[in-house]
Amino acid sequence: MLKQFLSKLPRKALKSDERPESPRANTPRSGSRTGPSGLGGGTPRSNGANSSGPGKANAPKRMSSAVFPASVVAGIEPLVPFKDVPTSEKMNLFVSKVSLCCVTFDFTDPTKNSIEKDVKRQTLLELVDFVATGSMRFSEPAILATCRMCAINLFRVFPPNYRSRSNGGAGENDDDEPMFDPAWPHLQIVYELLLKFVTSSCLDAKIAKKYVDHLFILRLLELFDSEDPRERDCLKTILHRIYGKFMVHRPFIRKAINNIFYRFLFETERHNGVAELLEIFGSIISGFALPLKEEHRVFLWRVLIPLHKPKNLGSYFQQLSYCVTQFIEKEPKLASVVIKGLLKYWPITSSQKEVMFLGELEEILESVNMMEFQKIMAPLFCRIACCINSSHFQVAERVLFFWNNDNIVTLIAHNRQVILPIILPALERNSHNHWNQAVLNLSLNVRKMFVEMDEQLFLSSHAHFMEEEAKQSSAAKKRKEAWERLENAASLQPVTGNTAVLVTPIATSITC
(Lines give C-alpha, C1' and ligand atoms only; values in the text may rest on other atoms or scores of the structure.)
Protein backbone atom coordinates (compact mmCIF):
# COMPACT_ATOMS: atom_id res chain seq x y z
CA MET A 1 0.00 0.00 0.00
CA LEU A 2 2.81 2.40 0.80
CA LYS A 3 4.38 1.71 -2.61
CA GLN A 4 1.05 2.44 -4.31
CA PHE A 5 0.75 5.68 -2.36
CA LEU A 6 4.30 6.76 -3.18
CA SER A 7 3.83 5.91 -6.85
CA LYS A 8 1.05 8.50 -7.10
CA LEU A 9 3.13 11.33 -5.71
CA PRO A 10 4.61 13.90 -8.18
CA ARG A 11 7.16 12.08 -10.33
CA LYS A 12 8.75 15.13 -11.94
CA ALA A 13 12.01 15.74 -10.13
CA LEU A 14 12.72 19.30 -9.24
CA LYS A 15 16.06 20.86 -9.90
CA SER A 16 18.10 21.81 -6.90
CA ASP A 17 17.41 25.50 -7.34
CA GLU A 18 13.68 24.86 -7.82
CA ARG A 19 13.22 22.56 -4.84
CA PRO A 20 10.96 24.00 -2.09
CA GLU A 21 12.71 24.93 1.10
CA SER A 22 12.70 22.34 3.82
CA PRO A 23 9.97 23.00 6.43
CA ARG A 24 12.61 23.29 9.14
CA ALA A 25 15.06 25.37 7.15
CA ASN A 26 16.03 28.58 8.88
CA THR A 27 18.19 30.17 6.21
CA PRO A 28 16.18 31.73 3.35
CA ARG A 29 17.42 31.88 -0.21
CA SER A 30 18.79 35.11 -1.57
CA GLY A 31 16.02 37.59 -2.25
CA SER A 32 13.40 35.69 -0.25
CA ARG A 33 11.53 36.85 2.83
CA THR A 34 11.64 34.76 5.95
CA GLY A 35 8.31 34.10 7.67
CA PRO A 36 7.58 32.97 11.24
CA SER A 37 9.51 30.01 12.54
CA GLY A 38 11.10 29.51 9.12
CA LEU A 39 7.65 29.78 7.51
CA GLY A 40 8.59 32.60 5.16
CA GLY A 41 8.82 32.83 1.43
CA GLY A 42 11.64 30.41 0.78
CA THR A 43 9.42 28.48 -1.65
CA PRO A 44 9.33 29.80 -5.22
CA ARG A 45 6.40 31.82 -6.49
CA SER A 46 5.35 31.09 -10.04
CA ASN A 47 4.51 34.21 -12.02
CA GLY A 48 5.98 33.60 -15.45
CA ALA A 49 7.64 37.02 -15.24
CA ASN A 50 11.12 35.81 -16.03
CA SER A 51 10.19 34.71 -19.53
CA SER A 52 10.07 38.31 -20.71
CA GLY A 53 13.35 39.96 -21.55
CA PRO A 54 14.74 42.97 -19.75
CA GLY A 55 13.83 45.17 -22.70
CA LYS A 56 10.13 44.81 -22.04
CA ALA A 57 8.83 47.82 -20.18
CA ASN A 58 5.21 46.79 -19.88
CA ALA A 59 4.61 47.01 -16.13
CA PRO A 60 1.62 45.09 -14.73
CA LYS A 61 -1.51 47.08 -14.02
CA ARG A 62 -1.96 48.45 -10.53
CA MET A 63 -4.35 45.73 -9.46
CA SER A 64 -2.54 43.33 -7.21
CA SER A 65 -2.07 44.25 -3.57
CA ALA A 66 1.05 42.10 -3.31
CA VAL A 67 4.54 42.00 -4.73
CA PHE A 68 5.22 38.55 -6.22
CA PRO A 69 8.98 37.93 -6.36
CA ALA A 70 10.47 36.57 -9.58
CA SER A 71 10.85 32.82 -9.48
CA VAL A 72 10.90 29.62 -11.49
CA VAL A 73 7.75 27.63 -12.26
CA ALA A 74 7.76 24.39 -10.31
CA GLY A 75 5.98 21.31 -11.64
CA ILE A 76 2.71 20.70 -9.83
CA GLU A 77 0.60 17.57 -10.09
CA PRO A 78 -2.53 16.42 -8.28
CA LEU A 79 -2.30 14.01 -5.36
CA VAL A 80 -4.57 11.12 -4.50
CA PRO A 81 -7.85 12.00 -2.75
CA PHE A 82 -8.24 11.37 0.97
CA LYS A 83 -10.88 8.71 0.45
CA ASP A 84 -8.40 6.50 -1.42
CA VAL A 85 -5.95 6.08 1.47
CA PRO A 86 -6.37 4.35 4.82
CA THR A 87 -6.90 6.38 7.98
CA SER A 88 -3.34 5.74 9.14
CA GLU A 89 -1.98 7.46 6.02
CA LYS A 90 -4.37 10.42 5.90
CA MET A 91 -2.24 12.72 8.01
CA ASN A 92 0.81 12.01 5.84
CA LEU A 93 -1.29 12.73 2.76
CA PHE A 94 -2.49 15.93 4.42
CA VAL A 95 1.12 17.07 4.87
CA SER A 96 1.88 16.19 1.23
CA LYS A 97 -1.09 18.15 -0.07
CA VAL A 98 -0.21 21.13 2.12
CA SER A 99 3.37 21.04 0.83
CA LEU A 100 2.03 20.94 -2.72
CA CYS A 101 0.17 24.21 -2.07
CA CYS A 102 3.38 26.02 -1.12
CA VAL A 103 3.93 26.91 -4.79
CA THR A 104 2.40 30.32 -5.49
CA PHE A 105 1.45 32.08 -8.70
CA ASP A 106 1.02 35.60 -10.04
CA PHE A 107 -2.68 36.26 -10.55
CA THR A 108 -2.28 39.57 -12.39
CA ASP A 109 -2.36 37.57 -15.63
CA PRO A 110 -5.18 34.97 -15.50
CA THR A 111 -3.86 33.18 -18.62
CA LYS A 112 -0.56 32.13 -17.04
CA ASN A 113 -0.28 28.73 -15.36
CA SER A 114 -4.05 28.25 -15.51
CA ILE A 115 -3.85 24.45 -15.22
CA GLU A 116 -1.50 24.58 -12.22
CA LYS A 117 -3.67 27.21 -10.55
CA ASP A 118 -6.73 25.03 -10.94
CA VAL A 119 -4.92 21.97 -9.54
CA LYS A 120 -3.80 23.97 -6.52
CA ARG A 121 -7.31 25.35 -6.03
CA GLN A 122 -8.82 21.86 -6.03
CA THR A 123 -6.16 20.69 -3.57
CA LEU A 124 -6.91 23.61 -1.23
CA LEU A 125 -10.63 22.81 -1.35
CA GLU A 126 -9.83 19.21 -0.44
CA LEU A 127 -7.80 20.42 2.52
CA VAL A 128 -10.62 22.68 3.68
CA ASP A 129 -13.07 19.78 3.60
CA PHE A 130 -10.64 17.51 5.43
CA VAL A 131 -10.02 20.05 8.22
CA ALA A 132 -13.74 20.78 8.51
CA THR A 133 -14.57 17.11 9.11
CA GLY A 134 -12.29 17.01 12.19
CA SER A 135 -11.76 13.28 11.85
CA MET A 136 -8.32 13.08 13.50
CA ARG A 137 -5.96 15.18 15.60
CA PHE A 138 -3.28 17.14 13.80
CA SER A 139 0.28 15.98 14.28
CA GLU A 140 3.10 18.43 14.87
CA PRO A 141 4.45 18.06 11.28
CA ALA A 142 0.94 18.78 9.98
CA ILE A 143 0.69 21.92 12.12
CA LEU A 144 4.11 23.09 10.96
CA ALA A 145 3.29 22.41 7.30
CA THR A 146 -0.06 24.23 7.51
CA CYS A 147 1.41 27.31 9.17
CA ARG A 148 4.25 27.37 6.66
CA MET A 149 1.89 27.05 3.69
CA CYS A 150 -0.37 29.84 5.00
CA ALA A 151 2.66 32.06 5.58
CA ILE A 152 3.97 31.50 2.05
CA ASN A 153 0.60 32.17 0.42
CA LEU A 154 -0.64 35.04 2.58
CA PHE A 155 2.31 37.00 3.94
CA ARG A 156 3.43 39.42 1.26
CA VAL A 157 4.70 42.95 0.84
CA PHE A 158 2.40 45.73 -0.28
CA PRO A 159 4.01 47.84 -3.02
CA PRO A 160 5.08 51.44 -2.30
CA ASN A 161 2.69 52.99 -4.82
CA TYR A 162 -0.06 51.18 -2.95
CA ARG A 163 0.96 52.37 0.49
CA SER A 164 1.52 56.06 -0.26
CA ARG A 165 -1.16 57.89 -2.17
CA SER A 166 -0.82 61.17 -3.96
CA ASN A 167 -3.67 62.66 -1.89
CA GLY A 168 -1.56 62.45 1.25
CA GLY A 169 -3.46 59.75 3.10
CA ALA A 170 -6.63 57.82 3.40
CA GLY A 171 -9.83 59.52 4.34
CA GLU A 172 -9.62 62.56 2.08
CA ASN A 173 -11.43 60.81 -0.74
CA ASP A 174 -13.77 58.50 1.13
CA ASP A 175 -15.84 57.96 -2.02
CA ASP A 176 -12.94 56.20 -3.78
CA GLU A 177 -13.69 52.55 -4.41
CA PRO A 178 -11.34 50.06 -2.75
CA MET A 179 -8.76 48.27 -4.87
CA PHE A 180 -9.63 44.57 -5.08
CA ASP A 181 -6.90 41.96 -5.19
CA PRO A 182 -7.05 39.81 -8.36
CA ALA A 183 -5.68 36.88 -6.34
CA TRP A 184 -8.63 36.98 -3.94
CA PRO A 185 -10.46 33.84 -5.26
CA HIS A 186 -7.28 31.92 -4.37
CA LEU A 187 -6.50 33.80 -1.14
CA GLN A 188 -10.04 33.30 0.10
CA ILE A 189 -9.61 29.52 0.15
CA VAL A 190 -6.31 29.82 2.04
CA TYR A 191 -7.97 32.09 4.60
CA GLU A 192 -10.87 29.66 4.93
CA LEU A 193 -8.42 26.83 5.51
CA LEU A 194 -6.54 28.82 8.15
CA LEU A 195 -9.79 29.74 9.91
CA LYS A 196 -11.05 26.17 10.03
CA PHE A 197 -7.61 24.99 11.12
CA VAL A 198 -7.40 27.45 14.02
CA THR A 199 -10.96 26.76 15.19
CA SER A 200 -10.71 22.97 14.79
CA SER A 201 -11.18 20.91 17.93
CA CYS A 202 -8.47 18.60 16.59
CA LEU A 203 -5.81 21.30 16.96
CA ASP A 204 -3.81 21.16 20.19
CA ALA A 205 -3.13 24.77 21.17
CA LYS A 206 -0.16 23.75 23.33
CA ILE A 207 1.62 22.35 20.27
CA ALA A 208 0.34 24.90 17.78
CA LYS A 209 1.54 27.89 19.82
CA LYS A 210 5.11 27.03 18.79
CA TYR A 211 4.21 27.75 15.16
CA VAL A 212 1.40 30.29 15.55
CA ASP A 213 3.98 32.39 17.38
CA HIS A 214 4.62 36.09 17.84
CA LEU A 215 6.23 36.52 14.45
CA PHE A 216 3.34 34.74 12.74
CA ILE A 217 0.86 37.04 14.50
CA LEU A 218 2.86 40.16 13.60
CA ARG A 219 2.92 39.18 9.93
CA LEU A 220 -0.82 38.51 10.11
CA LEU A 221 -1.39 41.98 11.58
CA GLU A 222 0.60 43.56 8.75
CA LEU A 223 -1.99 42.23 6.31
CA PHE A 224 -4.67 44.41 7.90
CA ASP A 225 -3.32 47.25 5.76
CA SER A 226 -4.66 45.46 2.67
CA GLU A 227 -6.96 47.64 0.63
CA ASP A 228 -9.24 44.72 -0.18
CA PRO A 229 -12.09 44.85 2.40
CA ARG A 230 -12.82 41.15 1.88
CA GLU A 231 -9.33 40.23 3.03
CA ARG A 232 -9.53 42.49 6.08
CA ASP A 233 -12.85 40.90 7.03
CA CYS A 234 -11.30 37.40 6.90
CA LEU A 235 -8.30 38.58 8.90
CA LYS A 236 -10.58 40.07 11.53
CA THR A 237 -12.32 36.73 12.08
CA ILE A 238 -9.10 34.72 12.11
CA LEU A 239 -7.27 37.03 14.54
CA HIS A 240 -10.26 37.00 16.87
CA ARG A 241 -10.26 33.19 16.87
CA ILE A 242 -6.49 33.11 17.50
CA TYR A 243 -7.00 35.49 20.43
CA GLY A 244 -9.66 33.19 21.83
CA LYS A 245 -7.75 29.92 21.38
CA PHE A 246 -4.20 30.93 22.29
CA MET A 247 -4.55 32.54 25.71
CA VAL A 248 -0.78 32.77 26.09
CA HIS A 249 -0.64 35.19 23.14
CA ARG A 250 -3.39 37.55 24.34
CA PRO A 251 -1.17 40.22 25.97
CA PHE A 252 1.13 40.21 22.95
CA ILE A 253 -1.79 40.61 20.51
CA ARG A 254 -3.16 43.56 22.46
CA LYS A 255 0.28 45.19 22.59
CA ALA A 256 0.88 44.62 18.87
CA ILE A 257 -2.49 46.16 17.96
CA ASN A 258 -1.71 49.11 20.25
CA ASN A 259 1.54 49.68 18.37
CA ILE A 260 -0.37 49.80 15.07
CA PHE A 261 -2.69 52.42 16.56
CA TYR A 262 0.26 54.45 17.89
CA ARG A 263 1.93 54.41 14.48
CA PHE A 264 -1.34 55.48 12.87
CA LEU A 265 -1.90 58.30 15.36
CA PHE A 266 1.57 59.78 15.66
CA GLU A 267 3.33 58.89 12.40
CA THR A 268 1.31 58.02 9.31
CA GLU A 269 -2.39 58.81 9.96
CA ARG A 270 -3.05 56.23 7.26
CA HIS A 271 -4.03 52.61 7.77
CA ASN A 272 -6.75 50.60 6.05
CA GLY A 273 -7.51 48.23 8.91
CA VAL A 274 -8.26 50.54 11.85
CA ALA A 275 -12.00 49.77 11.75
CA GLU A 276 -11.43 46.00 11.76
CA LEU A 277 -8.87 46.16 14.56
CA LEU A 278 -11.24 48.28 16.65
CA GLU A 279 -14.01 45.78 16.00
CA ILE A 280 -11.79 43.02 17.37
CA PHE A 281 -11.02 45.16 20.42
CA GLY A 282 -14.72 45.80 20.96
CA SER A 283 -15.31 42.11 21.63
CA ILE A 284 -12.10 41.91 23.69
CA ILE A 285 -13.19 44.80 25.93
CA SER A 286 -16.54 43.13 26.60
CA GLY A 287 -14.61 40.23 28.13
CA PHE A 288 -12.42 42.31 30.45
CA ALA A 289 -12.66 41.31 34.10
CA LEU A 290 -13.51 43.85 36.78
CA PRO A 291 -11.92 45.88 38.20
CA LEU A 292 -10.18 46.97 35.02
CA LYS A 293 -6.42 46.66 34.90
CA GLU A 294 -4.31 49.79 34.59
CA GLU A 295 -3.19 48.56 31.16
CA HIS A 296 -6.79 48.77 29.92
CA ARG A 297 -7.35 52.27 31.31
CA VAL A 298 -4.14 53.42 29.62
CA PHE A 299 -5.44 51.98 26.35
CA LEU A 300 -8.61 54.02 26.71
CA TRP A 301 -6.81 57.29 27.46
CA ARG A 302 -3.81 56.96 25.14
CA VAL A 303 -5.38 55.14 22.18
CA LEU A 304 -9.17 55.26 21.98
CA ILE A 305 -9.64 58.90 22.91
CA PRO A 306 -6.82 60.24 20.64
CA LEU A 307 -8.30 58.17 17.80
CA HIS A 308 -11.02 60.86 17.65
CA LYS A 309 -8.48 63.31 16.23
CA PRO A 310 -7.49 62.00 12.72
CA LYS A 311 -9.25 63.53 9.74
CA ASN A 312 -10.50 60.15 8.48
CA LEU A 313 -12.43 59.49 11.69
CA GLY A 314 -15.56 58.68 9.69
CA SER A 315 -14.04 55.46 8.33
CA TYR A 316 -13.90 53.84 11.78
CA PHE A 317 -16.09 56.04 14.00
CA GLN A 318 -18.81 53.43 14.59
CA GLN A 319 -16.33 50.84 15.88
CA LEU A 320 -14.49 53.44 17.97
CA SER A 321 -17.70 54.65 19.59
CA TYR A 322 -18.64 51.06 20.42
CA CYS A 323 -15.29 50.46 22.16
CA VAL A 324 -15.65 53.62 24.23
CA THR A 325 -19.20 52.69 25.21
CA GLN A 326 -18.02 49.23 26.26
CA PHE A 327 -15.47 50.79 28.62
CA ILE A 328 -18.11 53.02 30.22
CA GLU A 329 -20.49 50.08 30.66
CA LYS A 330 -17.69 48.16 32.37
CA GLU A 331 -16.71 51.04 34.64
CA PRO A 332 -19.20 53.98 34.71
CA LYS A 333 -16.77 56.33 36.47
CA LEU A 334 -14.74 56.46 33.23
CA ALA A 335 -17.53 58.54 31.65
CA SER A 336 -16.08 61.82 32.93
CA VAL A 337 -12.62 60.83 31.64
CA VAL A 338 -14.05 60.11 28.18
CA ILE A 339 -16.02 63.36 28.03
CA LYS A 340 -12.92 65.36 29.03
CA GLY A 341 -11.07 63.62 26.21
CA LEU A 342 -13.81 64.46 23.70
CA LEU A 343 -13.68 68.10 24.75
CA LYS A 344 -9.90 68.07 24.36
CA TYR A 345 -10.08 66.79 20.77
CA TRP A 346 -13.31 68.59 19.83
CA PRO A 347 -13.29 69.48 16.09
CA ILE A 348 -13.55 73.24 15.73
CA THR A 349 -13.38 73.50 11.94
CA SER A 350 -15.06 70.26 10.82
CA SER A 351 -18.84 70.31 11.11
CA GLN A 352 -19.12 66.71 9.93
CA LYS A 353 -16.88 65.47 12.74
CA GLU A 354 -18.70 67.74 15.19
CA VAL A 355 -22.00 66.00 14.40
CA MET A 356 -20.31 62.63 15.04
CA PHE A 357 -18.93 63.86 18.37
CA LEU A 358 -22.38 65.03 19.41
CA GLY A 359 -23.87 61.63 18.57
CA GLU A 360 -21.27 59.85 20.71
CA LEU A 361 -21.68 62.40 23.49
CA GLU A 362 -25.43 61.80 23.65
CA GLU A 363 -24.86 58.05 23.87
CA ILE A 364 -22.46 58.55 26.78
CA LEU A 365 -24.80 60.97 28.60
CA GLU A 366 -27.60 58.40 28.41
CA SER A 367 -25.68 56.08 30.74
CA VAL A 368 -23.65 58.50 32.88
CA ASN A 369 -24.46 58.72 36.58
CA MET A 370 -25.12 61.97 38.41
CA MET A 371 -21.79 62.14 40.22
CA GLU A 372 -19.72 61.77 37.02
CA PHE A 373 -21.98 64.21 35.20
CA GLN A 374 -21.46 66.92 37.80
CA LYS A 375 -17.67 66.66 37.41
CA ILE A 376 -17.76 67.83 33.80
CA MET A 377 -21.09 69.63 33.33
CA ALA A 378 -19.66 73.18 33.33
CA PRO A 379 -17.06 72.76 30.52
CA LEU A 380 -19.39 70.36 28.72
CA PHE A 381 -22.27 72.82 28.49
CA CYS A 382 -19.94 75.64 27.51
CA ARG A 383 -19.11 73.53 24.45
CA ILE A 384 -22.79 72.67 23.95
CA ALA A 385 -23.63 76.40 24.03
CA CYS A 386 -21.07 77.01 21.27
CA CYS A 387 -22.66 74.23 19.21
CA ILE A 388 -26.12 75.74 19.72
CA ASN A 389 -24.83 78.99 18.20
CA SER A 390 -23.15 77.19 15.29
CA SER A 391 -23.95 78.66 11.89
CA HIS A 392 -23.97 75.11 10.49
CA PHE A 393 -27.59 74.10 10.94
CA GLN A 394 -26.85 70.36 11.29
CA VAL A 395 -24.57 70.97 14.28
CA ALA A 396 -27.07 73.29 15.99
CA GLU A 397 -29.98 70.99 15.23
CA ARG A 398 -28.15 67.89 16.47
CA VAL A 399 -27.22 69.41 19.83
CA LEU A 400 -30.73 70.82 20.38
CA PHE A 401 -32.09 67.29 19.95
CA PHE A 402 -30.39 66.48 23.28
CA TRP A 403 -33.49 67.92 24.95
CA ASN A 404 -35.59 65.15 23.36
CA ASN A 405 -33.68 62.60 25.46
CA ASP A 406 -35.39 62.01 28.82
CA ASN A 407 -32.20 60.89 30.59
CA ILE A 408 -30.32 64.03 29.56
CA VAL A 409 -33.26 66.27 30.47
CA THR A 410 -33.32 64.67 33.92
CA LEU A 411 -29.61 65.40 34.42
CA ILE A 412 -30.12 68.99 33.27
CA ALA A 413 -33.15 69.49 35.53
CA HIS A 414 -31.22 68.36 38.61
CA ASN A 415 -28.34 70.73 37.81
CA ARG A 416 -30.27 73.63 36.23
CA GLN A 417 -28.72 76.17 38.63
CA VAL A 418 -25.38 75.70 36.88
CA ILE A 419 -26.50 74.79 33.36
CA LEU A 420 -29.21 77.38 32.61
CA PRO A 421 -26.97 80.47 33.00
CA ILE A 422 -24.50 78.87 30.56
CA ILE A 423 -27.08 77.82 27.96
CA LEU A 424 -29.51 80.74 28.05
CA PRO A 425 -27.36 83.31 26.16
CA ALA A 426 -26.96 80.86 23.27
CA LEU A 427 -30.70 80.18 23.18
CA GLU A 428 -31.55 83.87 23.22
CA ARG A 429 -29.17 84.66 20.36
CA ASN A 430 -30.53 81.76 18.33
CA SER A 431 -34.16 82.74 18.88
CA HIS A 432 -33.45 86.21 17.46
CA ASN A 433 -30.68 85.80 14.93
CA HIS A 434 -30.30 82.24 13.57
CA TRP A 435 -30.88 81.96 9.83
CA ASN A 436 -32.35 78.42 9.89
CA GLN A 437 -36.02 78.22 10.80
CA ALA A 438 -35.78 74.68 12.20
CA VAL A 439 -32.94 75.67 14.56
CA LEU A 440 -34.84 78.79 15.58
CA ASN A 441 -37.95 76.76 16.45
CA LEU A 442 -35.95 74.18 18.39
CA SER A 443 -34.23 76.97 20.36
CA LEU A 444 -37.62 78.42 21.30
CA ASN A 445 -38.83 74.97 22.40
CA VAL A 446 -35.78 74.42 24.64
CA ARG A 447 -36.22 77.93 26.04
CA LYS A 448 -39.83 77.08 26.86
CA MET A 449 -38.73 73.86 28.60
CA PHE A 450 -36.44 75.87 30.89
CA VAL A 451 -39.28 78.27 31.69
CA GLU A 452 -41.51 75.34 32.68
CA MET A 453 -38.66 73.72 34.59
CA ASP A 454 -37.95 76.71 36.86
CA GLU A 455 -39.54 80.00 35.90
CA GLN A 456 -37.93 81.97 38.73
CA LEU A 457 -34.44 80.79 37.80
CA PHE A 458 -35.15 81.52 34.14
CA LEU A 459 -36.25 85.10 34.88
CA SER A 460 -33.19 85.82 37.03
CA SER A 461 -30.86 84.28 34.45
CA HIS A 462 -32.56 86.23 31.68
CA ALA A 463 -32.21 89.47 33.63
CA HIS A 464 -28.52 88.75 34.17
CA PHE A 465 -28.14 88.02 30.46
CA MET A 466 -29.75 91.34 29.53
CA GLU A 467 -27.41 93.18 31.91
CA GLU A 468 -24.39 91.50 30.34
CA GLU A 469 -25.68 92.34 26.86
CA ALA A 470 -26.10 95.99 27.88
CA LYS A 471 -22.56 96.07 29.29
CA GLN A 472 -21.13 94.56 26.13
CA SER A 473 -23.11 96.98 23.98
CA SER A 474 -21.84 99.92 26.06
CA ALA A 475 -18.26 98.65 25.85
CA ALA A 476 -18.57 98.27 22.07
CA LYS A 477 -19.94 101.80 21.77
CA LYS A 478 -17.06 103.23 23.85
CA ARG A 479 -14.57 101.32 21.72
CA LYS A 480 -16.06 102.74 18.57
CA GLU A 481 -15.95 106.30 19.93
CA ALA A 482 -12.31 105.84 20.95
CA TRP A 483 -11.39 104.75 17.43
CA GLU A 484 -13.24 107.71 15.97
CA ARG A 485 -11.31 110.13 18.22
CA LEU A 486 -8.02 108.52 17.21
CA GLU A 487 -8.98 108.78 13.54
CA ASN A 488 -9.89 112.46 13.89
CA ALA A 489 -6.67 113.23 15.78
CA ALA A 490 -4.63 111.44 13.14
CA SER A 491 -6.34 113.31 10.31
CA LEU A 492 -5.33 116.69 11.82
CA GLN A 493 -1.64 115.76 11.90
CA PRO A 494 0.41 116.64 8.77
CA VAL A 495 1.86 113.68 6.91
CA THR A 496 5.64 113.97 6.63
CA GLY A 497 8.30 111.51 5.56
CA ASN A 498 7.52 107.87 6.24
CA THR A 499 4.84 108.48 8.85
CA ALA A 500 2.29 105.69 9.05
CA VAL A 501 -1.25 106.68 8.05
CA LEU A 502 -4.36 105.17 9.64
CA VAL A 503 -6.61 104.37 6.70
CA THR A 504 -9.61 102.59 8.19
CA PRO A 505 -10.37 102.00 11.85
CA ILE A 506 -11.05 98.36 12.76
CA ALA A 507 -13.42 97.73 15.64
CA THR A 508 -13.90 94.16 16.76
CA SER A 509 -15.91 92.66 19.55
CA ILE A 510 -14.96 89.27 20.96
CA THR A 511 -17.55 87.48 23.04
CA CYS A 512 -16.68 84.37 24.99
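The paragraphs below go through the predicted model from its overall make-up to single residues. Residues are numbered from 1 along each chain as its sequence is written, and side-chain values use heavy atoms, with hydrogens and water left out. Because the model is predicted, local features need pLDDT of at least 70 and side-chain atom pairs count only at pLDDT 80 or more, while totals for chains, interfaces and linings use all residues.

The protein has 21 helices and two strands. These elements are DSSP runs, numbered from the N terminus: helices are H or I with at least four residues, and strands are E with at least two. Of the 512 residues, 45% are buried. Buried means under 20% relative accessible area, exposed means over 50%, and partly exposed lies in between, with a 1.4 Å probe and protein chains only. Contact means heavy atoms within 4.5 Å. Among contacts between residues at least 6 apart in sequence, 75% join residues at least 24 apart.

Aromatic rings come next. A pair of aromatic rings is described by the distance of the centres and the angle of the planes. Rings of Phe, Tyr and Trp (its six-membered ring) pair if their centres lie within 6.5 Å; planes under 30 degrees apart count as stacked, over 60 as edge-to-face and the rest as tilted. The whole structure holds 15 aromatic pairs. In one of them, the ring centres of Phe94 and Phe138 are 5.5 Å apart and the planes stand at 50 degrees, so this pair is tilted. Phe94 belongs to helix H2 (residues 87-100) and Phe138 to the loop between helix H3 (114-133) and helix H4 (140-154), so the pair ties together parts that are 44 residues apart in sequence. Phe94 is buried, because its relative accessible area is 0%. Phe138 also counts as buried, at 6% relative accessibility.

Another pair is formed by Phe299 and Phe327, with centres 6.3 Å apart and planes at 40 degrees, so it is tilted. Phe299 is in helix H12 (residues 294-304) and Phe327 in helix H13 (residues 317-330), so this pair ties together parts that are 28 residues apart in sequence. Phe299 is buried at 3% relative accessibility, and Phe327 is buried at 0%.

Phe94 and Phe138 also belong to an aromatic cluster, together with Phe82, Phe130 and Phe197. The ring of Phe82 has the charged end of Lys97 sitting over it, 5.4 Å from the ring centre. A charge sits over a ring if NZ of Lys or CZ of Arg is within 6 Å of the ring centre and within 35 degrees of the ring normal. Likewise, the charged end of Lys117 sits over the ring of Phe107, 4.7 Å from its centre.

Which residues does Thr146 touch, leaving aside its neighbours within four places in sequence? Thr146 is in contact with Phe94, Val98 and Phe197. Thr146 lies in helix H4 and is buried, with 0% relative accessibility.

Helix H14 (residues 335-344) has as its buried residues Ala335, Ser336, Val338, Ile339, Gly341 and Leu342. These pack against H12, H13, helix H15 (351-367) and helix H16 (370-388).

Some backbone details remain. Leu290 and Pro291 are joined by a cis peptide bond, with omega about -5 degrees. Pro291 is in the loop between helix H11 (274-286) and H12. Asn113 is not a glycine, yet its phi is positive, near 55 degrees. Asn113 lies in the loop between strand E2 (104-105) and H3 and is buried at 17% relative accessibility. Glu269, also not a glycine, has a positive phi of about 55 degrees. Glu269 is in the loop between helix H10 (250-268) and H11, and at 29% relative accessibility it counts as partly exposed.
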